[in-house]
Amino acid sequence: MTKINDFVVRFANVNGTGSASANSMFAKAIFRMGVPVTPKNIFPSNIQGLPTWYEVRVSEKGYLGRREGIDLMVSVNPQSMMKDVESVRSGGYFIYDSTKPLHKEYIREDITYLGIPLMGICMEQYTDPRQRQLFKNIIYVGALSALLDIEFTVLEQLLAEQFKGKEKLVALNVQALQLGVKYVQENFTFPLEIRVERRDLVGKRILFDGNGACGLGAVYAGATVAAWYPITPSTSVVEKFEKYAKKFRTDKVTGEKNFAIVQAEDELAAIGMVVGANWNGARSFTATSGPGVSLMNEFLGLGYFAEIPAVLIDVQRTGPSTGMPTRTQQSDITVSAYASHGDTKHVLLFPSNPKDCFELTADAFDLAERLQTPIIVLTDLDLGMNDHMSEPFEWNPERKYDRGKVYTAEDLENMGRFGRYLDSDGDGIPYRTYPGTHPTKGSYFTRGTSRDEYAVYTEDSAVYVKNMQRLEKKWDTAKEIVPKPYFYQEKNMSPLGVIFFGTSTYSSEEAIDLLREQDVVLDAMQLKSFPFNKEVEQFIEDHEVVFVIEQNRDAQMRSLLVNELEINPKKLIRVLNYDGMPITADKIVKEISKNLVTN
Amino acid sequence: MTYVRPTFRHPDLPKNNINFTKKDYEGALSTLCAGCGHDSISGAIAQACFELSVEPHRIAKLSGIGCSSKTPAYFLGNSHGFNTVHGRMPSVATGAYLANRDLLYFGVSGDGDSASIGMGQFVHAIRRNLNMVYLVMNNGCYGLTKGQDSATADNGSKSKAGSVNPFNAIDLVGLSMELGATFVARSFSGDKAQLIPLIKAAIKHPGFAFIDVISPCVTFNNNVGSTKSYDYVREHIEATSTVDFVPIMEEITADYEDGKEITLHDGSALQLQKLHQGWNPEDKLSAMIALQNAKDKGEILTGLVYIDPNTNALHDVLQTTQTPLNILKEDILCPGIDALEALNESLR
Ligand SMILES: Cc1ncc(C[n+]2csc(CCOP(=O)(O)OP(=O)(O)O)c2C)c(N)n1
Ligand code: SF4
Ligand SMILES: [Mg+2]
């Protein structure tokens, strides 16, 4: 069976052996040939020596979710070989290093073995042990290019870009590629049944990681203060922020920077710095993952109650506790929505691809200052640490930052008594002042204790209740201004609905198509934010059964919907995946089909 | 009880160089216990700012949680204040300082707030050399939660309930020196003559200025047997020197024959008279030895313990622009669409 532009390749490598750049060159080459790809890193919480996998799904139809079943395995890690042999689907291919003969126990009758003496070739060609290691990776990419019909000139071009100015390196790498090609030409029938054909399906799209897009979004949104504490999988958000801030915000002459980044002593301090900077009128953010969110709770409550903007990017990973630190999940929804003690709730944003990451991060800063409250961007490891094919970034050159309601010295000069927590506009959002604005007017004492409209401490019950009600009114205002859900249909067509968000989107979209082929029609809604507005409620209202697809055990989004909306919980059916791997369309189809039978 | 003072201003009140009266540096009426050491310190802070002619709105007050951390409500009513969460004032101060390098940051904390729950943030604020004053109102106990021992309570000191503290005290002065603070002082809430010049010098110091102020808690820790009681402190205080602060351009009149003058960053001077033997506040080692000797004798060494007037604060280290970050606008902050298009192109 020939499968053109529709297969999954998996590379089994050892952590820290330089395979990452060779593997991503492979994915990029297919992308450059106009064919949609989804690369994914599957890696351990370790620096060197443990198995890592890199998986590339090639999909003519443009499906970007993960797909179960490996069509071609590139096995360069003896440690994981048994598991790797088993994971190939029947009829698939297994490429291995045949420098030593393959042991009998690895032989399956239903797959094709392609042995390439990778180490042997390297021993013969190179003397430097490091070169032997590195070029092994390039040689198998060369072999794959012949086997899968990937255009050699595209690979050459990629190498030329990667090693720009280092012509010698380019030549060495091209030569290594050729070694792989040559071996295939001399030993195998090629190309294989699975292969790549040039198409024009990519258009203007880009290949980029979600964390980088968040960091870039923060630069574009005018964030000036970043505070953070390293944690996988969020670390590269601030690293990319730093990279782009250095590039775009450093004075060429003086070297002075229009930003400040502090690596804090822990997440408590990181969010504290963010709160302090925002209180003082700078746009500031932090990025973390689940354990960090747990630590940040107290400050998030302060931000909510004292009404201080803050932006927190939570790149979710598999919990609870330290969980599986290098696996993905959407399991910080509850802890984020209600972070901190007392009656507290927070605005959440759910990006589902790099373009979303860029835009929603930028929006988060506007929302934080407009609403004077912490905003949490919930992305995840899959989105954050993998490259995704995405629409290109856009920025409206007319866009002005929404700095929210802030009185200037002039405003203060021309007004009566300033009341920090007065609901002057009836939308629950008060006016604030930055420290240092006016010599005699506008100062106030910010605190997490209860206070009256003029920020004066009080334990008067009526005043406390009035303030809490105003915060609730502000929450209602938030519903109107947070990003609206995306509907896949203009008009509802089915009694069945489906709700998803974030990285569950890719596989959900694919599952909808697959189910339609089986005559199951689903109306679909992609959530972009919390709090939920009327349209979310209406969608559930309008359907008899609504499947809620998410990547955690406890159906946290479903709980949030049930908790926040006046709906019948029985309507909401859980579709869950929480094994740490990105959810697949097959899994969704299976779960939904199972429920359709029993319903 | 009313928390807001009547706004009546006496027309004849003396004014400082920028035309503010002392009242302009006062805050709301204190709700602390009568006689609490913390109130005297609040008064000293207000007085120091008045005398220095600091524009009240150019100061930002920050604190954690505790009786001590409530005090920023009771001084500098025309300054923004932020009563943060327990033990976390240093991080909020860090963020605030990063956002606007042009304000003066005055942090107030307690011994529980800094030496227990907030120890981590305290040491890192020193390590980063924030340009701020960090004043701990040290009463050796948790006042606000009714008198439990704190980590600065001396080994062997007795609480009001009669129990004896079996643990060693953390000495924040020694610790901050060890961590590289470039202005380290200790004083006593009852000694305004010493405290006010120290606060003034701390405000002028261009880096992290730490002042540990022994401040007896009259309600829970002023009993016989407590080393943070008024009586104990009065009997065992050992000043490193008599301190006087001379603002820039002012004529130096005092006689400081056996003393020392330290020129601060902006040209003003700190005069130290009657120096403690064998101790030089610009020599870290001799300062540490003096501190240790006093401790061994059960004495409380007060005054300016150590100073290095030339110091690089965090913004200098980070090479941040001289313009406060919080006033930068889109034109400077946003790289624009051409840069974005180029980036898109590089990702294809
Ligand atoms: C997270 C947290 N834990 C505990 C408390 C309760 N608490 C309030 S003040 C305080 C101790 C304050 O001691 P200190 O800083 O020495 O201030 P003092 O009242 O003695 O001036 C404690 C434990 C709190 N507010 N927050
Ligand atoms: S309890 Fe102690 S520290 Fe608190 S206000 Fe009273 S005297 Fe001061
Ligand atoms: Mg105390």
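Colleague: Which side chain of chain B meets E265(A) in a salt bridge?

Modeller: This is a predicted model. Its salt bridge between E265(A) and R128(B) has an N to O distance of 2.7 Å. Across the interface of chain B and chain A the rule finds 1 salt bridge. The partner of E265(A) in chain B is R128(B).

Colleague: How many residue pairs are in polar contact across the interface of chain B and chain A?

Modeller: The 1 salt bridge at this interface is counted under its own rule. For polar contact, both residues must be at pLDDT 80 or more. The number of residue pairs found is 22.

Colleague: How do the residues of the side of chain B that touches chain A divide into nonpolar, polar and charged?

Modeller: Elements of chain B that give two or more residues to this side include β1 (59-63), α3 (89-99), α5 (119-128) and α12 (336-346). The residues of this side divide into 27 nonpolar, 24 polar and 5 charged.

Colleague: How much area do chain B and chain A bury between them?

Modeller: The contact takes 72 residues from chain A and 56 residues from chain B. Carbon and sulfur atoms carry 63% of the buried area. Between them, the two chains bury about 5,400 Å².

Colleague: Which residues coordinate the magnesium ion (ligand 3)?

Modeller: The distances to the ion run from 2.1 to 2.2 Å. Along the chain, its donors follow the spacing D-x27-N-x1-C. The coordinating residues are D111(B), through OD, N139(B), through OD1, and C141(B), through O.

Colleague: How many residues apart in sequence are the parts that D111(B) and C141(B) tie together?

Modeller: Both D111(B) and C141(B) are buried. D111(B) lies in helix α4 of chain B and C141(B) in strand β5 of chain B, so the pair ties together parts of the chain whose separation in sequence is 30 residues.

Colleague: Is K200(B) buried or exposed?

Modeller: K200(B) and E51(B) meet in a salt bridge, 2.6 Å from N to O. The pair links distant parts of the chain, helix α7 and helix α1 of chain B, 149 residues apart. E51(B), at 34% relative accessibility, counts as partly exposed. K200(B) has 8% relative accessibility, and because the cut-off is 20%, K200(B) counts as buried.

Colleague: Where does D266(B), the partner of K204(B), lie?

Modeller: The side chains of K204(B) and D266(B) form a salt bridge of 3.1 Å, N to O. K204(B) lies in helix α7 of chain B and the pair ties together parts that are 62 residues apart in sequence, so D266(B) is found elsewhere, in the loop between β11 (260-263) and β12 (269-273) of chain B.

Colleague: What is the relative accessible area of R348(B)?

Modeller: R348(B) meets E345(B) in a salt bridge with an N to O distance of 2.7 Å. E345(B) counts as partly exposed, at 47% relative accessibility. R348(B) is buried, with a relative accessible area of 12%.

Colleague: Where is P233(A), which a cis peptide bond joins to T232(A)?

Modeller: Most peptide bonds are trans. The bond between T232(A) and P233(A) is cis, with omega about 5°. The place of P233(A) is in the loop between β10 (225-228) and α8 (235-248) of chain A.

Colleague: What is the phi of N129(B), which is not a glycine?

Modeller: Most residues other than glycine have a negative phi. N129(B) lies in the loop between α5 and β4 (132-138) of chain B and is buried, with a relative accessible area of 9%. The phi of N129(B) is positive, at about 55°.

Methods:
Residues numbered from 1 in each chain as written. Chains lettered and ligands numbered in written order. Predicted model: local features only at pLDDT ≥ 70, side-chain atom pairs only at ≥ 80, totals over all residues. Heavy atoms only, no water. Donors = N, O, S within 2.8 Å, 3.2 Å for Na, K, Ca; no water. Helix = DSSP H or I, 4+ residues; strand = E, 2+ residues; numbered from the N terminus. Buried < 20%, exposed > 50% of the residue type's maximum accessible area, 1.4 Å probe, protein only. Contact = heavy atoms within 4.5 Å. Buried area = accessible area lost by both parts, 1.4 Å probe. Salt bridge = Lys/Arg side-chain N within 4 Å of Asp/Glu carboxyl O. Polar contact = N/O pair within 3.5 Å; in protein donor to acceptor, adjacent residues only side chain to side chain. Nonpolar A, V, L, I, M, F, W, Y, C, P; charged D, E, K, R; others polar.
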